[in-house]
Amino acid sequence: MKAWVYAHHGNPVDVLKLESDVDVPQVKDDQVLIKVVAAGLNPVDFKRILGLFIEADSPLPTVPGYDVAGVVVKVGSQVTLFKEGDEVYGNINEKGLDHPKRYGTLAEYTVAEEKLLAPKPKNLSFVEAASIPLAIGTAYEGLEKTALSVSKSILVLGGAGGVGTFVIQLAKHVFGASKIAATSSSAKLELLKDLGVDLAIDYTKDNFEDLAEKFDVIYDSIGQSERAVKAIKEGGQVVTIEPLGDLTPPAFRFILTSSGAMLEKLNPFLENGKVKPVIDPRGTFPFSQTPEAFSYLQTGRVTGKLVIYPIP
Ligand SMILES: NC(=O)c1ccc[n+]([C@@H]2O[C@H](COP(=O)([O-])OP(=O)(O)OC[C@H]3O[C@@H](n4cnc5c(N)ncnc54)[C@H](OP(=O)(O)O)[C@@H]3O)[C@@H](O)[C@H]2O)c1
C-alpha cells in the first residue's frame, strides 16, 4: 500500500517519505482493517516525528497518524461491533503516548481495535469525521476530570485550536456550563462567539489573569498553567493538556485515552448539529501534500483542524 513513512526523527518536511510498497498491516482478533478515506492531523503527530516522545514510542520506521475515518474492509475473529462495509471513525492509539501504533493512519489502510472506533456520524462527511476523534476525546476527558457542571464557569485557553473548539462546544452543550470565556488572537474572536463563547478575550490585547472575573474551571490547551492558576476561583480547577513544559499546582495534566464508546456517546450531539467540527479554511490537503499540511500545523496558527483527503 501507499503510506507516509519516517525512518529517522526530524522535521516532518525532511523525514517523511511517500512509499508505495508498505505491507498492509495484519489484523489481530480484536481489530478491524480500515480503508482510510480521510486522516486528521494533530500536534502529537509532528511532535512524535520530531522525536519528542521516543521513550515509549514504537520502533522505526513508522507510519504516523492517529485519527481516521474510513470503511471497514476486514474484521478479526473476535470482532462483534463492526462488519465489512461499515463507515467508522476513531483515534487508533488507545494511550496517546504509550507505544502508539507503528502503522498509523497516513496510509491507504490502517488497523484499530474495535473498542477504539465508533460508527461515523450519519450527517458528517469522512473529512469532518476524521477531524474529530483525538481532539474531541481530549476535550471530553479533560472536562470530565474537572467535574465541570451546570452551575460552573469555564475559561478555555486556546479556544480556536483543534481541542479548544470542541472544549467550548462540549462545555456548552454537553456539560451545560453557566458561562464560557475563551482566548484567541483578534481575527478568531468571531469564531469563538459563533461556537457559543460568552466572553471572547483577545490575548494580543488583554491578559486573562488581570480580569476581575475569576473562573471555576480553566481548560488550558496552550501550556499557560502558571498564569491560569491566578485566574481561578478559590477551589477552582486548572487542567492543562500541553504534554511538555512546567506545570504550576494546583493545575494538573493528563494524556488522553482513546475510546469508541465515548465517541458513540457524543455522536447524538454531532448528529443533531449542536457540536460541529471546525475545519481550517485551508484545512484539507491531498495525500501527496501531507508534508505541507504538517508545515502549516507546526505554525501553531491553525483554526480547528487539518485533514488529509483524498487518500488513494
Ligand atoms: N494531553 C493530551 O492528551 C493532548 C491531546 C491533544 C492535544 N494535546 C496538546 O495540546 C495542545 C493543543 O492542541 P491542538 O490540537 O488544539 O493545537 P492546535 O490546533 O495546533 O492549536 C492552534 C491554535 O492555538 C491558538 N493559540 C496559539 N497560541 C495561543 C495563545 N497564546 N493563546 C490563545 N490561543 C493560542 C491559535 O490561535 P491564534 O492563531 O489565535 O493564536 C490556533 O488557532 C498541543 O500542544 C497538543 O500537543 C495534548
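The shell around the ligand is made up of 15 nonpolar, 13 polar and four charged residues, in what is a predicted model. Of the 32 residues in this shell, the nearest ones are Pro43, Gly161, Gly162, Val163 and Ser185.

Where does the shell come from? Both domains take part, with at least three residues drawn from each of domain 1 and domain 2.

| Element | Residues |
|---|---|
| Helix H2 | 43-50 |

Let's turn to the domains themselves. Domain 1 is built from two stretches, 3-132 and 277-308, while domain 2 covers 135-253. Their C-alpha centres lie 27 Å apart. How many residues of each domain are in contact with the other? Nine residues of domain 1 are in contact with ten residues of domain 2. On the side of domain 1 that touches domain 2, four residues are nonpolar, four are polar and one is charged.

Which of its residues are buried? They are Val44, Asp45, Phe46, Arg48 and Ile49. The cover over these buried residues includes helix H1 (12-15) and helix H9 (290-297).

Definitions and conventions
Residues numbered from 1 in each chain as written. Predicted model: local features only at pLDDT ≥ 70, side-chain atom pairs only at ≥ 80, totals over all residues. Buried ≥ 20, exposed ≤ 12 C-beta atoms within 10 Å, placed from the backbone. Helix = DSSP H or I, 4+ residues; strand = E, 2+ residues; numbered from the N terminus. Contact = placed C-beta atoms within 7 Å. Domains from an automatic or database assignment. Nonpolar A, V, L, I, M, F, W, Y, C, P; charged D, E, K, R; others polar. Near = placed C-beta within 6 Å.
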